[in-house]
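Hi there,

Here is the structure I promised to pass on to you. Have a look at it, and then read my notes below.

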Amino acid sequence: MLDKIKSLQEEINDFVSKNIDEIEQFRIKLLSKKGEIAALFTEFKNVPNEQKKEIGQKINLLKNSAFEKINSLKSQAQSKKSSSGVEDFTRPAESIPLGTRHPISIVRNEITEIFARLGFTTSTGPEIEDDWHVFSALNFPKEHPARDMQDTFFIEKDPDILLRTHTSSVQVRVMENQQPPIRTISPGRVFRNEAISARAHCIFHQVEGLYIDTDVSFADLKQALLYFAQEMFGKETKIRLRPSFFPFTEPSAEMDISCQLCGGKGCNVCKYTGWLEILGCGMVDPNVLESCNIDNEKYTGFAFGMGIERIAMLKYQVKDLRLYFENDVRFLRQFKSAY
Ligand code: DAH
């Protein structure tokens with residue numbers, strides 16, 4: 001039996017072939033159910049007990065070496081085959097289905113691009129924030145309802161760690177780290193504890209804008225926003241500013257654009273008013289500048305904030321917000337864009 005093992009081992013060592021069929025024949029001869037190594041295992045039953053250990057080990061070694069040899073010859077033969085030039089390199093490539101950008105990304109990129117033309121850089125901040133950056137530095141009074149659990153997702157209490165409810169927190173971070181002139185916009189995700197419906201979601205996207213310098217006036221704000229509205233919705237678009245209130249701006253306003261559907265005549269999209277609300281804005285409150293260590297005697301600034309979903313809904317006439325989050329490709333692939 002030992003001789004048989006030895007001679008098979010030699011046979012394995014000496015075997016060379018580049019031919020897949022020959023290698024397969026060799027495998028069958030040695031390793032198949034009726035192969036020579038299986039025969040050795042059958043014969044093994046008759047080996048006297050005191051030799052079982054030694055012979056058993058030898059047969060196992062033989063089997064392993066046969067496996068290794070055959071596998072390595074096979075993989076060599078296969079790699080030879082694929083680099084031997086038999087492929088047809090002129091064959092047309094298989095077509096790969098192209099994806100499209102998500103409409104929220106398209107609109108975000110377009111907004112970023114429009115403000116970049118006015119010299120605005122892009123800045124980002126964390127989604128998990130603290131009370132200071134989301135509320136306190138932005139002049140929210142201690143008892144303001146937005147600090148309520150009903151509006152805000154809290155992660156920890158004392159100190160308060162929460163999911164940001166608006167991208168205005170990035171204003172604070174930029175001002176803390178940079179002295180004016182500052183001209184930046186901050187797109188990002190925000191979170192509010194709202195029931196999901198066609199018009200509201202607990203996750204959505206905003207773009208915050210901030211411009212701080214000497215002598216920045218409300219007229220500058222109005223001009224920048226008019227430029228934005230006309231670039232985004234067309235040259236015919238008119239804007240209207242209505243007085244409003246935000247803790248972080250004084251004075252504050254909300255901006256409407258003329259309804260692009262009816263051209264201001266009145267339709268069911270604009271609820272027969274001719275106007276559509278698109279953003280909040282105002283002059284940065286001197287208290288906010290002070291919280292961020294910016295000299296509020298020397299500098300003034302404006303800020304604005306808008307929801308990307310809102311802009312996208314108006315631009316694409318999508319009436320149900322949830323479509324933006326379901327990621328149904330039949331919806332998504334309708335959006336094609338240069339942005
Ligand atoms: N942060 C406000 C919101 O989430 C939007 C906003 C309004 C941002 C006015 C501003 C602003 O910078 O000046 O509703």
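How many helices and strands does the protein chain have? There are twelve helices and ten strands. Please keep in mind that this is a predicted model.

Let me start with the overall shape. The C-alpha atoms of the protein chain fill a box of roughly 100 × 55 × 40 Å along the principal axes. The radius of gyration is 36 Å, whereas a compact globule of 339 residues would come out near 20 Å. Of those 339 residues, 41% count as buried. Among contacts with a separation of 6 or more, 67% are between residues 24 or more positions apart.

Next, the largest pocket. Its volume is about 1,500 Å³. Lining this pocket are 49 residues, and the closest to the centre are R199, E277, I278, G307 and R310. Several elements give two or more residues to the lining, among them β6 (203-213), β8 (249-258) and α10 (308-316). The largest share comes from β9, with seven residues. Sorted by class, the lining has 24 nonpolar, 14 polar and eleven charged residues.

One residue I looked at in detail is T249, which sits in strand β8. Is T249 buried or exposed? T249 counts as buried because its relative accessibility is 2%, and the cut-off for buried is under 20%. Its side chain makes a polar contact of 2.7 Å with the side chain of S252. Beyond its neighbours within four places in sequence, T249 is in contact with C281, G282, M283, V284, D285 and A303.

Happy exploring!

Methods
Residues are numbered from 1 along each chain as its sequence is written. This is a predicted model: local features need pLDDT of at least 70, side-chain atom pairs count only at pLDDT 80 or more; totals for chains, interfaces and linings use all residues. Side-chain values use heavy atoms; hydrogens and water are left out. On a 1 Å grid over the protein atoms alone, a cavity is a set of points where a 1.4 Å probe fits but cannot get out, and a pocket is an open set with protein on both sides within 12 Å along at least five of seven lines; lining residues have an atom within 4 Å of a point. Grid points are joined across faces, edges and corners, and a volume is the space filled by probe spheres set on the points. Helices (H or I, at least four residues) and strands (E, at least two) are DSSP runs, numbered from the N terminus. Ala, Val, Leu, Ile, Met, Phe, Trp, Tyr, Cys and Pro count as nonpolar, Asp, Glu, Lys and Arg as charged, and the others, Gly among them, as polar. Buried means under 20% relative accessible area, exposed over 50%, partly exposed in between (1.4 Å probe, protein chains only). A polar contact is a pair of N or O atoms within 3.5 Å; within protein, one must be able to donate a hydrogen and the other to accept it, and residues adjacent in sequence count only if both atoms are side-chain atoms. Contact means heavy atoms within 4.5 Å. The radius of gyration is taken over C-alpha atoms; the globule rule is 2.2 Å times the number of residues to the power 0.38.
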